[in-house]
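Colleague: I am new to this one. Could you take me through the model, please?

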Amino acid sequence: MLTRQRPARRDIPRPPMFRRILAVVLFVAVCWVALLATMPAPQGNPVLRSTSPGNAENVKSPDEVLLRFDRPVPAGLATIRIISPPGDQVVFTRPYNPVGQDDTVAVAMPPVRYGGTYTVAWALPSDRLEQVAGVFTFDVVVSSTPVGVPEIAAEHDPWVTGAHVTARVATLGAMALLIGAAVFVAALQPAAAGSRPVRRVLIWSGIGTALATIGTLATFGPYAAWVPLGGAFDPALFWAAVQSPTGRGMLSRLALLVPVLAGLVWLLEAHPAKTRRARLMRGVAALGGGAALAATWPLARTRPIGSPTPLEAAVDTATLTAAAVGITSVLLLGLAARSGHREPEPVVPRLIPVLAACSALLACTGGYHVRQAVRDGEPAWLATGLVALAVLLVVVSAVLHVWLRRQRVLAVESADQRPAELQRLRTAAGVGTGVAAVLVGATAALVLAHAPDTAHARTDSPTPVSIRQQPGPFRLAYDTGKPGGRGSIDLALLPAVENGQIRLDTHVTVFDEAGNPTDEVRVAGLLARENGTPAPLVLRPASGPGHTVGAASLPEPGKWAVVLDVRTPDGGAQTVAQPLDVH
């Protein structure tokens, strides 16, 4: 009798190595693409290029006051105050962007208006959150003596500042815990994913990063706009913060958290890695995604154009990543030992070289900060904290090395003393974590108290005075004598000193007879002076209709004049000039 035998059971083959490598590469690539694709570029400082009504212009009765800038500005972060001829402040609402004009800020005039001179004061945050402000006037029907200048708060409310700083510190701490815990579970002790305290750290650090980032975004608007606590709950401030480059940087961090938290969920639900190769693959994935999250620290902030440089971003990313992995690994080692994982010996040999690497990286970044501080002649507060943290990790690594040697000796001699040695490990981990927390807290306080000490902020130069205190644009009228040859020009001039010479940044905005910006009128310019060689002024098109920009270098101060040659489409031409006294 013939019987058919059942074929032998075959185990499902494990995925080939290149698939695992591909999965790691794809995860890290998704994290970095999410970061780089959503992180906005800095926009620089706003420059007031024109106003409507114009500076010192006589008008009938405007329904609103418009301020046009050289780049998009979130109107909710602007402050505009207007004093009427009798001396009353007449505008109390937050400005708004007219439809389709993201470079324009407007406020409505009150229903009851008086004849005379109105004084307008405005303020916006710079790319370093300093106040950029200016004042101009306009006349309604008749001219009168201005009563005064509207006051705009130039100091941050302490309660708003405290809330914003607290949210920033919470974000930094939650990110550090998330990065370090992910690397610890992925590469050092995969079985710790089953420990309830470790799982809580992973889950709540991810949730805390998201919530603290949202809190930072919610408090950024009132902080950047110098709003007191009573006005900090205006929804316009939140939406203005979302529209700002800093707010979009925080949204980029939230977008990056999507793949990071998805990878974290997979790590908690997957089977613990059994082999060294599997731990290495997961560790690389966790480290790559964590480094992308750490890179949002120097990038998701209010920063000048060109800041940070690639080296500065790399230094601060490496600093946060190394500190997060080193400190959190010691913390989780203690938590895992206390939660019933009775055999921490396998993780200790893996942790010792990791702590040594983190210490070496912190020492390198601390040395970079020392070099920068010596070059600038400033105290190296952040470098001091980093070096102290590096020394602490070296000490913890040495303690773990001694403990590991004792465990190997006890494994041969007696097993009765092993619980006592395990308790010593827990105590050492707790002490190391406590000291690390103190050092991190002190370092964070130094970073907040001396923000320019960070690599991504050290090279940020202060906002120039010509930007922080902007004069009102000059209003020049032109008339070529032909039909359609009338209009006006707003001329904004910003002086600065560069390489020993006076540089005059120029913004020209051309309006037609109806007061609308127009590109049909061509303008050429130069800077002239009596009995001297003129300085060329080359104007080039810029953002916005009728807007051109240029810069001229003046060899010396004195009496100059900006001369503009105006040409209309019908062939009409006129030359207008604005005298200047350059000091």
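Colleague: Which residues touch the most other members in the largest nonpolar core?

Modeller: They are Leu256, Leu362 and Leu400, in a core of 59 residues. A nonpolar core is a set of buried Ala, Val, Leu, Ile, Met, Phe, Trp, Tyr and Cys residues joined through side-chain atoms within 4.5 Å. Buried means under 20% relative accessible area, exposed over 50%, and partly exposed in between, with a 1.4 Å probe and protein chains only. Please note that this is a predicted model: local features need pLDDT of at least 70, side-chain atom pairs count only at pLDDT 80 or more, and totals for chains, interfaces and linings use all residues. Residues are numbered from 1 along each chain as its sequence is written, and side-chain values use heavy atoms, without hydrogens and water.

Colleague: Which helix gives the largest share of this core?

Modeller: Helix α2, residues 158–188, supplies 11 residues. Helices (H or I, at least four residues) and strands (E, at least two) are DSSP runs, numbered from the N terminus. Another core lies apart from this one and has 24 residues, including Leu527 and Val582.

Colleague: And what is Leu362 in contact with, beyond its neighbours within four places in sequence?

Modeller: Thr319, Ala322, Ala323, Leu386, Leu389, Ala390 and Leu393 are its partners there; contact means heavy atoms within 4.5 Å.

Colleague: Changing topic: in what order do the five strands of the open sheet run?

Modeller: The order is β9-β10-β11-β15-β14, with antiparallel pairing. Two strands pair if DSSP finds at least two bridges between them.

Colleague: How many bridges join β11 to β15?

Modeller: Eight bridges join them, and Thr509 has His547 in β15 as its bridge partner.

Colleague: How many aromatic pairs does the structure hold?

Modeller: It holds three. Rings of Phe, Tyr and Trp (its six-membered ring) pair if their centres lie within 6.5 Å; planes under 30 degrees apart count as stacked, over 60 as edge-to-face and the rest as tilted. One of them is Phe69 with Trp122, edge-to-face at 5.3 Å centre to centre and 75 degrees between the planes. This pair links strand β3 to strand β6, with the two residues 53 apart.

Colleague: Why does Phe69 count as buried?

Modeller: Phe69 counts as buried because its relative accessibility is 1%. Trp122 is buried too, at 2%.
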